[in-house]
Amino acid sequence: MAHTAAEWPPEETLSLWKGEQARLKARVVDRDTEAWQRDPSFSGLQKVGGVDVSFVKGDSVRACASLVVLSYPELKVVYENSRMVGLKAPYVSGFLAFREVPFLVELVQQLQEKEPDLMPQVLLVDGNGVLHQRGFGVACHLGVLTELPCIGVAKKLLQVDGLENNALHKEKIVLLQTGGDTFPLIGNSGTVLGMALKSHDHSSKPLYVSVGHRISLEAAVRLTHRCCRFRIPEPIRQADIRSREYIRRTLGHTGGSPAQRKDRSQKEQRPNACPTGGPGAPTDQGRPPECYSRGSSTDPKDPEPGFQEQERDQQLEGMGHHEDSDLWPPSPASIQSLP
């Protein structure tokens with residue numbers, strides 16, 4: 001039975017959240033703090049982390065939080081931890097961190113306690129950093145609370161400070177020719193809030209990279225690009241794969257029709273209860289609301305992380321994939337149907 005959605009927070013709660021963001025924002029460091037960040041080849045960087053929260057379809061409370069650590073530059077998974085969590089806050093544009101970050105912080109703390117030698121030197125976060133309504137997105141929030149360098153990597157443009165996904169913006173995207181090409185995201189304030197990055201030669205949709213904490217924008221963009229085998233950086237992609245597979249393993253065999261079980265094995269949509277309006281309800285210009293998916297891939301988790309998946313990716317690449325889609329590579333069902 002689906003759980004009940006958290007109610008739209010009252011204005012007092014939103015004011016408290018804004019105050020907390022302002023307090024923590026003062027601690028954000030937007031420059032390189034580690035020697036490896038200033039090295040052109042990132043010499044000294046050995047472990048890169050990624051985080052993700054996946055949602056159970058038709059359930060506005062249960063979700064799966066996942067943390068993975070990959071070796072660098074090999075991008076092989078060396079650590080993963082996924083667990084089911086109970087969401088206590090609804091999705092409110094501009095306040096995603098209050099819904100997701102507490103669970104991600106706990107995963108980082110568990111890693112520090114259990115296997116400190118595997119602590120990542122940087123975290124890639126599925127969301128924005130300083131590219132945010134109040135300059136303090138989920139990547140900043142997680143970075144300040146964990147004191148780890150963090151990079152915000154969003155799949156859609158957050159339209160703030162005059163930034164718009166308009167004809168001019170789309171013209172700039174067309175001019176991105178090869179993987180690694182970029183253009184700055186400059187708001188009406190004149191501030192460079194982030195960079196649009198063509199992460200892969202075959203992708204026509206850019207990523208929107210912004211500083212989270214303790215790294216410069218230039219280093220954040222370079223590292224994000226170097227972590228991309230496909231459109232989505234591998235640390236985030238692997239966290240996404242494992243969080244959704246954990247949901248499938250945990251909930252996918254408990255009855256339901258074959259179609260329902262198939263749905264559970266894919267990136268789950270946000271719950272259907274989407275607040276619309278109400279006192280203090282901001283215009284939704286950021287992360288899609290609960291009724292939309294935020295998935296980045298549909299790969300299953302493999303028994304030996306990275307090995308079988310890499311073989312499958314190489315096989316499918318040889319068939320000529322269309323890298324535009326966040327759903328590349330295909331789901332297990334579609335893989336089985338390939339000739």
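# Notebook: salt bridges, cysteines and a strand

I started with Gly86, which is found in strand E3. I am working with a predicted model, where local features need pLDDT of at least 70, side-chain atom pairs count only at pLDDT 80 or more, and totals for chains, interfaces and linings use all residues. Residues are numbered from 1 along each chain as its sequence is written, and side-chain values use heavy atoms, with hydrogens and water left out.

**Entry 1: Gly86**

Is Gly86 buried or exposed, or in between? I got 29% relative accessibility, so Gly86 counts as partly exposed. My cut-offs are under 20% relative accessible area for buried, over 50% for exposed, and partly exposed in between (1.4 Å probe, protein chains only). Next I looked up what Gly86 touches: Val61 and Phe103, leaving out residues up to four places away in sequence. A contact means heavy atoms within 4.5 Å.

**Entry 2: the whole protein**

I counted 10 helices and 8 strands in the protein. Of its 339 residues, 53% count as buried. I also looked at contacts between residues at least 6 apart in sequence, and 69% of them join residues at least 24 apart. The accessible surface comes to about 14,700 Å², and 52% of that belongs to carbon and sulfur atoms. That area comes from the Shrake-Rupley method with a 1.4 Å probe; for residues, only the protein chains shown count as cover.

**Entry 3: salt bridges**

A reminder to myself: side chains of opposite charge can pair when their charged atoms come close. For a salt bridge I need a side-chain nitrogen of Lys or Arg within 4 Å of a carboxyl oxygen of Asp or Glu. How many salt bridges does a search of the whole structure find? It finds 11.

One of them joins Glu34 and Arg214, with the closest N and O atoms 2.2 Å apart. This pair links distant parts of the chain, 180 residues apart: Glu34 is in the loop between helix H1 (11-25) and helix H2 (35-38), and Arg214 is in the loop between strand E8 (207-213) and helix H6 (217-226). Glu34 has 24% relative accessibility, so I wrote it down as partly exposed. Arg214 comes in at 17%, so Arg214 counts as buried.

I then took Arg242 and Glu80, whose closest N and O atoms are 3.3 Å apart in their salt bridge. Again distant parts of the chain are linked: Arg242 is in helix H7 (residues 234-251) and Glu80 in strand E3 (residues 77-86), 162 residues apart. Arg242 is buried because its relative accessible area is 1%, while Glu80 is partly exposed at 25%.

Lys155 and Asp126 make another salt bridge, with 3.1 Å between the closest N and O atoms. Lys155 is in the loop between strand E5 (150-154) and helix H5 (167-174), and Asp126 is in strand E4 (residues 122-126), 29 residues apart. I found Lys155 and Asp126 both buried.

I also noted a network of salt bridges that links Arg229, Glu234 and Arg237.

**Entry 4: Asp240**

I found Asp240 in helix H7. Its relative accessible area is 0%, so Asp240 is buried. A polar contact of 2.7 Å joins its side chain to that of Arg244. The rule I used for a polar contact is a pair of N or O atoms within 3.5 Å; within protein, one must be able to donate a hydrogen and the other to accept it, and residues adjacent in sequence count only if both atoms are side-chain atoms.

**Entry 5: cysteines**

How many disulfides are there? I got 0, taking a disulfide as a pair of cysteine sulfur atoms within 2.5 Å.

**Entry 6: strand E8**

Last, I checked E8, which is mostly covered, with 7 of its 7 residues buried. Strands pair if DSSP finds at least two bridges between them. E5 and E8 run antiparallel, joined by 5 bridges, and Ile151 has Val211 in E8 as its bridge partner. Strand E7 (residues 192-197) also runs antiparallel to E8, with 3 bridges. There I saw Met195 opposite Val209 in E8.

Definitions and conventions:
Helix = DSSP H or I, 4+ residues; strand = E, 2+ residues; numbered from the N terminus.
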